[in-house]
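The following note concerns aromatic rings and the charged groups placed over them.

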Amino acid sequence: MAELPTYLAAEFPPGVDSFNYKSLIPSFEDTMWAGAFTKIALLIWISVAIILVFFLVTYRNPKLVPTKGQWLAESVYGLVRDNIARDIIGQQGVRFAPYLTTLFVFILLNNLWGIVPFAQISPNSHIAFPIVLAVMSWLVYVAVGIQKHGFFGYIKTSCWVSGAPLWVQPILVPIEFVSNLILRPVTLSVRLFANMFAGHMILLVFTLGGVALFQAETLLIKPIAFLSWGMAIVMTLFELGILALQAYVFTLLTATYLQSSLAEAH
């Protein structure tokens, strides 16, 4: 097989090292600040800036007849408030709508980086970011539950299965404790991370696979490269649906956990 282009030679075939980005500032490479100036960190900062600027600008001077930007911002907020917060939590869900909307938009925007040219990776394909988001949601719904029921009351509502026979409770209580108070943030983070990681690797394989096939010495193999690139385009469109769905699912599950914290009985 012919040699790959210089810009691909160091990265082919793709592997775990594809997710390890060096500092964008060489002078910080060997310092404790190196991780704060990587490509992934830069994408996070850009996402935060876009969200802040977008909502501040669109709501700086709200109008009765909304502009396109105001309409878009209100539509996103209304989607989360009405279809997630109210539908799942009830009327009390309105007070959680700002947090849920921020969570949804932040995850969606960071997921979109996975199909944006030159970025082509979602920060959520690094397990650290989904973990932080999951822990934040965990802290919120635990705090809400403790505020509603008190510390011991919340533990009881989370672990005690009302209606089950007393002799079964010693079996059910540990299971419910682990399921409701420990595994929830784990499943939240792993679900988001695994989908974004897998999507990135699939697109990488089809794209770089096409390059490798096109560089092959055998003439009959070269046309297959266009099939590989075509699949990369198809999978990009498929990934667009997946990344939006994952943002929605993460927000929906957070709302579900908030509702369970506010419920009177398990």
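Helices here are DSSP runs of H or I with at least four residues, numbered from the N terminus. The model under review is predicted.

1. Helix H9 spans residues 224-262. Phenylalanine 226 and tryptophan 229 lie three residues apart in this helix, so about one helical turn separates them.

2. The structure contains seven aromatic pairs. In one of them, the ring centres of phenylalanine 54 and phenylalanine 55 are 5.1 Å apart; the planes meet at 75 degrees, and because an angle over 60 degrees counts as edge-to-face, the pair is assigned to that class. Phenylalanine 54 is partly exposed, its relative accessible area being 25%. Phenylalanine 55, with a value of 23%, is likewise partly exposed.

3. The rings of phenylalanine 226 and tryptophan 229 also form an edge-to-face pair, with 5.5 Å from centre to centre and 90 degrees between the planes. Phenylalanine 226 has a relative accessibility of 52% and therefore counts as exposed, since the threshold for that class is over 50%. Tryptophan 229, at a relative accessible area of 26%, is partly exposed.

4. Which residues do ring pairs link into a cluster? They are Phe214, Phe226 and Trp229. Phenylalanine 214 also has a charged group over its ring: the charged end of lysine 222 sits there, 5.4 Å from the ring centre.

5. A charge over a ring is found at tyrosine 141 as well, where the charged end of arginine 184 lies 5.7 Å from the centre of the ring.

Methods
Residues are numbered from 1 along each chain as its sequence is written. This is a predicted model: local features need pLDDT of at least 70, side-chain atom pairs count only at pLDDT 80 or more; totals for chains, interfaces and linings use all residues. Side-chain values use heavy atoms; hydrogens and water are left out. Rings of Phe, Tyr and Trp (its six-membered ring) pair if their centres lie within 6.5 Å; planes under 30 degrees apart count as stacked, over 60 as edge-to-face and the rest as tilted. Buried means under 20% relative accessible area, exposed over 50%, partly exposed in between (1.4 Å probe, protein chains only). Helices (H or I, at least four residues) and strands (E, at least two) are DSSP runs, numbered from the N terminus. A charge sits over a ring if NZ of Lys or CZ of Arg is within 6 Å of the ring centre and within 35 degrees of the ring normal.
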